[in-house]
Amino acid sequence: MRKVIAVFALVVCLGARSPKLSKDEQVIHALNRLTFGPRPGDVEAVDKMGVKKWIDLQLHPERIAENPELAQRLAPLESLRLSQADTERHYPNPQMIRAIAAGRQPMPDDPVTRAAVERVMRRIKAAKNGTGADNGPLEPVVPLEELLNRDQIRTLRTGNVDQKREVIAAIPADQMDDVAIALPPGLRLQLLPAVEPGLRRKLMLLTAPQQLIAFDLSEGKLYRAILSNRQLEEQMVDFWYNHFNVYLDKGADRYLVPTYEREAIRPHVLGKFRDLLEATAKSPAMLFYLDNWESVGPAAPPRGNGGGNAKRPVRGLNENYARELMELHTLGVDGGYTQKDVTEVARCFTGWTIRQPREGSDFLYNDRVHDKSAKTVLGVKIPAGGGKDDAEKVLDILARHPSTARFISKRLAQRFVADDPPQKLIDKMAKTFHEKNGDIREVMKTMLTSDEFFSQSAYRAKVKTPFEMIVSAVRATGAQVDFAFPLANQIAQLGEPLYRKLEPTGYSDANGEWVNSAALLARMNFALSLAQNKVPGSKLDASQFSGDAGEVARQILFTDAKPETLAAIEKQAQGTANAPVVGLMLGSPDFQRR
Amino acid sequence: MTTRRLFLKSSGLAMFGVGAAPLWLARAADSPSARKKVLVAVFQRGAVDGLNVVVPFGERSYYALRPTIAIPAPKRSSESAVADTAIDLDGFFGLHPALAPLRPIYDAGQPAIVHAVGSPDPTRSHFDAQDYMESGTPGRKATPDGWLNRALPPAGDGNKSPVRAVSLGPALPRALRGHNDAVAINNLNEFKVQEANGAATFENMYASTLDTMLNGTGRETFDAVKLMQSIQAQPYTPAGGAKYPGGRLGDSLRQIARLIKADVGLEVAFTDVGGWDTHVNEVGQTPGAGQLANLLGNFGQALAAFHQDLGDRMEDVAVVTMSEFGRTAKENGNRGTDHGHANVMFAFGGGIRGGKVYGEWPGLAPEQLYENRDLALTTDFRDVLGELVAKHLGNRRLAGVFPEYAQPRFRGLIAG
């Protein structure tokens, strides 16, 4: 009956500029846009609740009971919960370890970390006794060849997961640390899926403690996207992190990013834009990434104790953050600001800096280096002597500016509706932004309940980002993920290394960004690997899929596959097992869109 | 050669099943040694500080503007100081000391250097400036395609290799998007569907899909995959003892060299390298150390290795480097530089006449600076690229390559 109505609705709407979606299409469309892809059962659940009610629920994540499995998966990822200062202590980088070794920093309390540090200290000493160079790479004390026999090493290199597990199990507990250190980094990573989470962590901690932070971030992001019931919230975290992008591998940001995402981004993703803007502006991660922490006014005293180094630089203004704040975070490049405004905003932000790492690396306003004279930003006079409030005023001006309302609305619509969203929709959203004082939830509601959102021209108009493609494949197939990091490596292969977009622009939301030869092949290869259980850490049960290619396709796409897609499968592989069909469907053109 | 001819003939038939092999394959098989002219574009993303790359050491203002980050003028007296002084080019300009690996290239009468060059658009946004430089239309955002795609000389329908235009990396850059087929290759050896059965089905799927975007890219991809198989079958050793440095640029140039030598029809290639946005600590404890020096060291080694690897084949190849804009003439408060205007470009190979710094030098005195802060522009980047496209690639229809820039002023980088 429903199909008949749908067809009827389509016929009626033909000729209109952008016909509305059928009820079935609305369900799948909403799921494809608000979540990281439907799981089995989702379509029925949304259908039963009603699309509008479900969207409203997703807009209020606090009302949704969370999936208990998520908490369980996140539990071992300790660095995601630590303060900035503790992160640095628990996951020391080589310089920090040397500082501990030299007695300039205290020994960590955590026994595993302590063991790791002691281990590295012994290596530093050994290196000193040997070559005298404590600056070189941290070489293993005992070579791998003395710890394991040739067969064992070969198995670790080329064996399957079970074979590797056997080799690991046979290593005496007191030699495990030596083995971990002696392993070449590539091999170490390959070994991770073969060990349980505790040993996995220790393996990494004993060898490269600092890497655990990037590791936890990727795993956390993936587990949340795969498992969370608050899917829209996770989409919004992804959107806003990308909007206020910070590059993980820039120096201190390796320690600052977990706190940034947890405290500056996550609490505000559906809140007030002004709050989100201020949280990012004050975040040590952003202050460091865009150099504002070092930007000082003309009267600032010289750094250091004076004397000593004659080459000690005179410090001054750095306009990096000021420019990106307007171009990328608020007004947009055509939002009506000038080079003069950039410089004036930079002057307002002088003194917004970061505490010393040993004092916790938190936000600090340092009045001594603030430029105290008057400024004019976008025509608004900011009188002299405003101190810390100068920058607060700038944030007020920018958050209330009509260009910001339009720019943010457009960015959201490009993410959730189409690459080139209708101007009418952007105007509606910008109006809500203005009237509701930058309430992101209200702007989202305007968008997600609009006719433009539920129009044929938006339907399947977006190519999945690499992150969306991989997570949606896991969700659609119900693959069990015990170790998510290899999925992050796959996402990087598809062109979107997580937390590692170097430029402040973040990743593009445009289809063209993700459709190219290298990325397309990577998508197909991932699809086949996942279906055949060749992605370490993920396990897919192909036996759950039954029926002919068309039926298997429906179980993965939650709608009918295109006839051309099915014809290609049937032409090549008549009557083959399910796994190939699953892989082929995940790599098909149909699955690349949402 | 015989092996490759055989391969092309047999694979051409086998792969396309029914019907004849496409014309380009047949032609390639008939004339395997047909060399193509190749243009390689290297983009330094983040805006490299041209004033510290090709140092105007003869300009007093340079040292006044940069009290802590200037590169000292060349000193010939003491050997030990060389690592921290500019390498003299012509008594006025000098190369950053970390570019010493380029010596074999300028011993060969190259590279050509163009200073005070760049985009006339005043933007200091990385994103916009890169976009303009890649589209080849400064100030115009609606341009749908990139200059390097448009630079491809017109080719007969049957004579198009699927890898005429290649970028190295996981994404297809703006410069290569457009009407002509262009492929992104992350890694030559892995450029395939890992499983033969899956490959055939996927090829069918993407060939028949009505999704025009995925259909187009899918078709280009599978055409290129087939061609790459011949290359993948043989391990690659760079010639002449060339040693590519680690990192993205060295890796990309190595693969471009491999493609060129395989004679698969490559005509334009693009690669990029990031990290040049040196707002802070651009120069380290000594002038020859620090962030910029590290980046330039890698950059110089990669270009030098490419030059060495290609040997005589460099006659057919022109390499050109660019970056979205320069950096402030004056150093900022953090021993770095902020976003500026004009910059420097390098070009070598082909018939390029190097050993010289091209372009008028605008000077760095306060009244000579652009907007009182940046190196002024005296050469449009399209003058340089246009000359290479016209004289090296042989595509003289520049109005199609750089619309709205009808008459580029050639600088004489190449005779003719």
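Tutor: Start with chain A, which has 31 helices and 6 strands. Remember that this is a predicted model.

Student: What makes a stretch of chain A count among the 31 helices or the 6 strands?

Tutor: A helix needs a DSSP run of at least four residues, a strand at least two. Chain A has 31 runs that pass as helices and 6 that pass as strands. For chain B the totals come to 13 helices and 12 strands.

Student: Which residues of helix 30 of chain A are buried?

Tutor: Helix 30 spans residues 563–572, and its buried residues include A:Thr565, A:Leu566, A:Ala568 and A:Ile569. These four cover an arc of only 155 degrees around the axis, which puts them on the same side of helix 30 of chain A. An α-helix has 3.6 residues a turn, so residues three or four places apart point the same way.

Student: How many residues of chain A are in contact with chain B, and what counts as a contact?

Tutor: Two residues are in contact if their C-beta atoms lie within 7 Å. By that test, 49 residues of chain A touch 47 residues of chain B. Helix 20 (320–329), helix 28 (517–531), helix 30 and helix 31 (578–586) of chain A each give two or more residues to this side. Helix 28 of chain A has the largest share, with 8 residues. By kind, the side of chain A that touches chain B divides into 19 nonpolar, 18 polar and 12 charged residues.

Student: Now chain B. Why are strand 2 and strand 3 of chain B said to stand at the edges?

Tutor: They belong to an open sheet of 3 strands in chain B, with order 2-4-3 and antiparallel pairing. Strand 2 (54–55) and strand 3 (87–88) of chain B each have a single partner strand, so one side of each lacks a neighbour in the sheet.

Student: How do you know that strand 2 and strand 4 of chain B pair?

Tutor: Pairing takes at least two bridges. Strand 2 and strand 4 (residues 94–95) of chain B have 2, in the antiparallel sense. So they meet the cut-off. B:Val54 stands opposite B:Leu95 in strand 4 of chain B.

Student: Which strands pair with strand 6 of chain B?

Tutor: Strand 8 (residues 268–273) of chain B pairs with strand 6 in the parallel sense over 3 bridges. Strand 7 (residues 183–185) of chain B also runs parallel to strand 6, joined by 3 bridges. B:Ala165 has B:Val268 as its bridge partner in strand 8 of chain B, and B:Leu168 has B:Ile185 in strand 7 of chain B.

Student: What makes both faces of strand 6 of chain B covered?

Tutor: B:Ala165 and B:Ser167 on one side are buried, and so are B:Val166 and B:Leu168 on the other. In a regular strand the side chains alternate between the two faces of the sheet.

Student: Where is pLDDT under 50 in chain B?

Tutor: Over residues 1–33 of chain B, for which the model has 32 contacts beyond four places in sequence. Where pLDDT is low, the predicted coordinates should not be read in detail. Chain B averages a pLDDT of 88, and 89% of the residues score at least 70. For the complex, the predictor gives an ipTM of 0.86 and a pTM of 0.83.

Key. Residues numbered from 1 in each chain as written. Chains lettered and ligands numbered in written order. Predicted model: local features only at pLDDT ≥ 70, side-chain atom pairs only at ≥ 80, totals over all residues. Buried ≥ 20, exposed ≤ 12 C-beta atoms within 10 Å, placed from the backbone. Arc of directions from axis to C-beta. Nonpolar A, V, L, I, M, F, W, Y, C, P; charged D, E, K, R; others polar. pLDDT = per-residue confidence, 0-100.
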